[in-house]
Amino acid sequence: MAYTWNNRVDFIVRFLYDIDNNGSLDQHDFECMALKMTVIEGKGDFNGAKHQENLHVMRSLWEEISSMADLNKDTVVTTDEFKEAVQKSCVGRPFGEFPQSLKLFIDNHFKLMDMNNDGVLGVEEYRYDCVTRIPVDDISILDQAYQSLLNDDDRKRGGLTLSRYQELYAQFLGDPSDKCPAANLFGPLHRL
C-alpha cells in the first residue's frame, strides 16, 4: 500500500525533513535543509544573505512543527508525533488553512524545483527532483507519474504552477484516501 496516507506522511518525514536520516526530526534537520536549499538555489554557489533567509524559514518551520508535534517536549519529533500533527492541521484542509511556516516551506520547495525560474514545473524539473530522492530505473515511470498530476490547464501551460503545486501538496498531506489524486507528487512511491 504505497499510496496510503500513512505511507505518504512517512515519505515526507523520511525523504524531505529527516535530513540526517536518524529516524526523527529535530532542529538540526531544518538547519541542514536551509543550507541544502541555499546551495541548490545557487547551483553550488553559497549566498550568505540567502542562507540567512532560508535559515529563518526553516527554523520557523521547525518551531511550528515542534510546538504542534513534540508531544512529550523532548526537542525531537518522531514520525508518529508528526503524523498526529499533520492529522490535526492538514487533513481535510485546503492549502490556505495550512500552518504558515509549512506554506512557506512548500513555496520554497517549488522555487527550488523550478530550476529555470519560469514559474512552471515541467517534466524535466520533476524528473530531476524525483531522482535526487528515490531510486528509479525507468524514465517512463517518472513521466507517467508526472502526467498523472496534470489537468488540462496544466497541460496547456506546460506544467505545474505554484498555485497548482500548492493544491497538490495539500492533497498529498490532507487527503486520507489511498486514491489521492496527488499521490505521485514526489514520484512513484514505494512502501516504507
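This is a predicted model: local features need pLDDT of at least 70, side-chain atom pairs count only at pLDDT 80 or more; totals for chains, interfaces and linings use all residues.
Colleague: Thanks! Which elements do the buried residues of α9 pack against?

Modeller: Helix α9 covers residues 162-174, and its buried residues include Tyr165, Leu168, Tyr169, Phe172 and Leu173. Going by contacts within 4.5 Å, the buried residues of α9 pack against α1, α4, α5, α7 (139-149) and α8 (152-157).

Colleague: How far does α9 reach from its first C-alpha to its last?

Modeller: The expected span is 1.5 Å times one less than the number of residues, and α9 has 13 residues. That gives an expected 18 Å, and the helix comes close to it. From first C-alpha to last, α9 reaches 18 Å.

Colleague: Let's turn to α2. Which residues of α2 are buried?

Modeller: Helix α2 runs over residues 27-41 and has 15 residues, with a reach of 21 Å that is close to the expected 21 Å. Its buried residues are covered by elements that include α1, β1 (24-25), α3 and α5. Buried means under 20% relative accessible area, and in α2 the buried residues are Asp29, Phe30, Met33, Ala34, Met37 and Thr38.

Colleague: Is Phe105 buried or exposed?

Modeller: Phe105 sits in helix α5 and touches Tyr17, Met33, Met58, Leu61 and Tyr169, leaving aside residues up to four places away in sequence. The cut-off for buried is under 20% relative accessible area. Phe105 has 3% relative accessibility, so it counts as buried.

Colleague: And how many Å apart in space are Phe105 and Val57, C-alpha to C-alpha?

Modeller: Along the sequence, Phe105 and Val57 are 48 residues apart. In space, the separation of their C-alpha atoms is 7.2 Å.

Colleague: How many cavities of 30 Å³ or more does a search of the whole structure find?

Modeller: The largest cavity holds about 90 Å³ of space. The elements that give two or more residues to its lining are α3 (48-69), α4 (79-89) and α5 (100-113). With the cut-off set at 30 Å³ or more, the number of cavities found in the whole structure is 1.

Colleague: Which residues lie nearest the centre of the largest cavity?

Modeller: By class, the lining has 11 nonpolar, 2 polar and 1 charged residues. Of the 14 residues in that lining, the ones nearest the centre are Ile65, Met68, Phe82, Val86 and Leu102.

Colleague: What is the volume of the largest pocket?

Modeller: The largest pocket is lined by 20 residues, and Lys36, Ile40, Leu112, Thr132 and Arg133 are closest to its centre. The lining has 11 nonpolar, 3 polar and 6 charged residues. The volume of the largest pocket is about 450 Å³.

Colleague: How many disulfides does the search of the whole structure find?

Modeller: A disulfide needs two cysteine sulfur atoms within 2.5 Å. For Cys90 the nearest cysteine sulfur, that of Cys180, is 13 Å away, and for Cys130 the nearest, also that of Cys180, is 15 Å away. Across the whole structure, the number of disulfides found is 0.

Colleague: What is the relative accessible area of Cys130?

Modeller: Both Cys90, at 1%, and Cys130 are buried. The cut-off for buried is under 20%, and the relative accessible area of Cys130 is 0%.

Colleague: Is Asn184 buried or exposed?

Modeller: Asn184 lies in the segment after α9. Not counting residues up to four places away in sequence, it touches Tyr3, Tyr126, Ala145, Ser148 and Leu149. Its relative accessibility is 14%, so Asn184 counts as buried.

Colleague: One last pair. Where is Lys43?

Modeller: Lys43 is not a glycine, yet it has a positive phi of about 50 degrees. At 61% relative accessibility it counts as exposed. Its place is in the loop between α2 and α3.

Colleague: And what is the phi of Thr75, which is not a glycine?

Modeller: Thr75 lies in the loop between α3 and β2 (77-78). With 56% relative accessibility, Thr75 counts as exposed. Its phi is positive, at about 65 degrees.

Conventions. Residues are numbered from 1 along each chain as its sequence is written. Side-chain values use heavy atoms; hydrogens and water are left out. On a 1 Å grid over the protein atoms alone, a cavity is a set of points where a 1.4 Å probe fits but cannot get out, and a pocket is an open set with protein on both sides within 12 Å along at least five of seven lines; lining residues have an atom within 4 Å of a point. Grid points are joined across faces, edges and corners, and a volume is the space filled by probe spheres set on the points. Helices (H or I, at least four residues) and strands (E, at least two) are DSSP runs, numbered from the N terminus. Ala, Val, Leu, Ile, Met, Phe, Trp, Tyr, Cys and Pro count as nonpolar, Asp, Glu, Lys and Arg as charged, and the others, Gly among them, as polar. Buried means under 20% relative accessible area, exposed over 50%, partly exposed in between (1.4 Å probe, protein chains only).
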